[in-house]
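Please read the following walk through one protein chain with the sequence and the coordinates at hand. It goes from single side chains to a sheet and then to aromatic rings.

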Amino acid sequence: MALKSSNKVETNTYEIEVTVTPEEFTDACKTAYMKQRKSIQLPGFRKGKATQGMVEKVYGEGAFYEEALEIVYPKAVTDAIEEANLRTVDQPYDLEVPVMSKSEGVEMKMKVTVYPEVKLGDYKGLTATMLDTEATDEDVAAELENMRDRNSRLVSADDREAQMGDTAEIDFEGFVDGVAFDGGKGENYPLELGSGSFIPGFEEQVAGHKVDEEFDVNVTFPTEYAEELAGKDAVFKCKIHEIKTKEMPELDDEFAKDVSEFDTLDELKEDIKKQIAEKKEKDAKVDFENQLIEQVVENMECEVPECMFAQRTDDMIRDYSYRLQMQGIDLNTYLSYLGQDMDSFKESFRTGAENQVKSSIALEAIVDAEKIEATDEEIEAEIQKLADQYQMEAEQVKNAVTTDQIAADVKTKKAVDLIVNSAKKA
């Protein structure tokens, strides 16, 4: 197997020609025959007893060519790409096989998409704005209210009409043009009025009604909803079974003891203020880095292959789907609940995927330009950091992630540090 030729035919695209010797292809035909032998039956032969020569005599010399090609293809193409010193980012396409026989071997022609060329612009001495990191009294008060809300309890309010902020247990069934639609029915559903979890306008119309009252809610589905309902008027037949309201705890020293390790409210406030300040500092640092990396991306010249964006989008959706599965939720069920189809859901990840791909390309280019390396000590430190983060042994991390991947992460972080350390604050 060998590379016959490699030619750039357009941006990020090469056409390569690959050859397989007659001997290699003949061996592959024999392997294909051996794999299929037990299922082959010819007149005059017991099943599995016909020789390769007899099968080829009956069905033609090319009887095993297709499977033989599948056998030689992966290694032949991998070796050819390596010999051509190409860094591909997708599977080969536009495959042509003008020659395929035992006497002549195989000649293949195909196109491959390669990692893009990059021309870096400015990436040192950039300017970005640092966010305010002060923890204000208003920030502390807001967090205390969140803590009160998390520690509230629901108490019955069946003696009055439902209000925004209440949780109403309802039955509902939706109709469009008088016909019930799939997914539009629920029983004993606990709906927090004002949460925005239902169609706009729905929760506001539940407010004002009492327990055991039956009523209609009239809404219009958003235009970005599932295609069969988008923009349509609907009527929901509703009934309230129960109304509950939040009972918030008093904000005093007893509250501080109940929700924290502190004995007084003042001590709790000080700790909250410290945590908010630390989070703001962390967020400000990340935002500062992101501003700078965005500038680096804007300053570089690079035509990114579409497949890299598509692959990253798919990766993000797989990660999202996995997190849903960990919560016991199927992605298709989740999309149905959102009223979205897969295409629109995928599109919502597109911008993030493009930004991630472009940032990764830019940072890798800086690693190359600056000849940044990762020392053994830095790699070991990163492995230990991951082990601590995921509560694993260092050896487990090494088994899960290759040293090359760890080294690449270390070098990328050093590239980010280089950009940040040379930057100025606006």
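Which residues does glutamate 289 touch, not counting residues up to four places away in sequence? They are Val416 and Val420, where contact means heavy atoms within 4.5 Å. This is a predicted model, in which local features need pLDDT of at least 70, side-chain atom pairs count only at pLDDT 80 or more, and totals for chains, interfaces and linings use all residues. Residues are numbered from 1 along each chain as its sequence is written, and side-chain values use heavy atoms, with hydrogens and water left out.

Glutamate 289 belongs to helix α7, residues 265-299. Helices (H or I, at least four residues) and strands (E, at least two) are DSSP runs, numbered from the N terminus. With a relative accessible area of 17%, glutamate 289 is buried; buried means under 20% relative accessible area, exposed over 50%, and partly exposed in between, with a 1.4 Å probe and protein chains only.

Glutamate 382 is another buried glutamate, at a relative accessible area of 11%. Its place is in helix α11, residues 376-389. Leaving out residues up to four places away in sequence, glutamate 382 touches Ile406, Val410 and Lys413. With lysine 413 there is also a polar contact of 2.7 Å between the two side chains. A polar contact is a pair of N or O atoms within 3.5 Å; within protein, one must be able to donate a hydrogen and the other to accept it, and residues adjacent in sequence count only if both atoms are side-chain atoms.

Glutamate 254, in helix α6 (residues 253-259), counts as partly exposed because its relative accessibility is 47%. Between glutamate 254 and threonine 264 there are 7.5 Å from C-alpha to C-alpha, and the two are 10 residues apart in sequence.

Leucine 144 sits in helix α4, residues 137-150. At 3% relative accessibility, leucine 144 counts as buried. Apart from residues up to four places away in sequence, it touches Leu251, Leu265, Leu268, Lys269 and Ile272. Leucine 268 is 124 residues from leucine 144 in sequence, yet their C-alpha atoms are 9.2 Å apart in space.

Serine 348 is part of helix α10, residues 342-369. Its side chain reaches the backbone oxygen of phenylalanine 345 at 2.4 Å. Lysine 210 is 138 residues from serine 348 along the chain, and 39 Å separate their C-alpha atoms.

Now to the sheet. Strands of a sheet pair through backbone hydrogen bonds, either parallel or antiparallel. Here an open sheet of 4 strands runs in the order β1-β2-β4-β3 with antiparallel pairing; two strands pair if DSSP finds at least two bridges between them. β1 and β3 (93-101) stand at the edges with a single partner strand each, so one side of each is left without a neighbour in the sheet. From one strand to the next, the twist averages 15 degrees.

Strand β1 (residues 2-10) and strand β2 (residues 13-20) pair over 7 bridges. In their hairpin, which has 2 residues between the strands, asparagine 12 takes a positive phi near 65 degrees. Serine 5 has glutamate 17 of β2 as its bridge partner. Glutamate 17 also stands opposite lysine 109 in β4. β2 and strand β4 (residues 105-113) pair over 8 bridges in the antiparallel sense.

The aromatic rings come last. Rings of Phe, Tyr and Trp (its six-membered ring) pair if their centres lie within 6.5 Å; planes under 30 degrees apart count as stacked, over 60 as edge-to-face and the rest as tilted. The count by this rule is 17 aromatic pairs. In one of them, phenylalanine 172 and tyrosine 189 have ring centres 6.0 Å apart and planes at 80 degrees, so the pair is edge-to-face. Phenylalanine 172 lies in strand β7 (residues 167-176) and tyrosine 189 in strand β8 (residues 179-192), so the pair ties together parts that are 17 residues apart in sequence. Phenylalanine 172 is buried at 9% relative accessibility, whereas tyrosine 189 is partly exposed at 26%. Tyrosine 189 also forms a tilted pair with phenylalanine 198, at 5.2 Å centre to centre and 45 degrees between the planes. Phenylalanine 198 is buried, at 16% relative accessibility.

Note on methods: Axes are lines fitted to C-alpha atoms, for helices over the stretch in contact, and angles run from 0 to 180 degrees between N-to-C directions.
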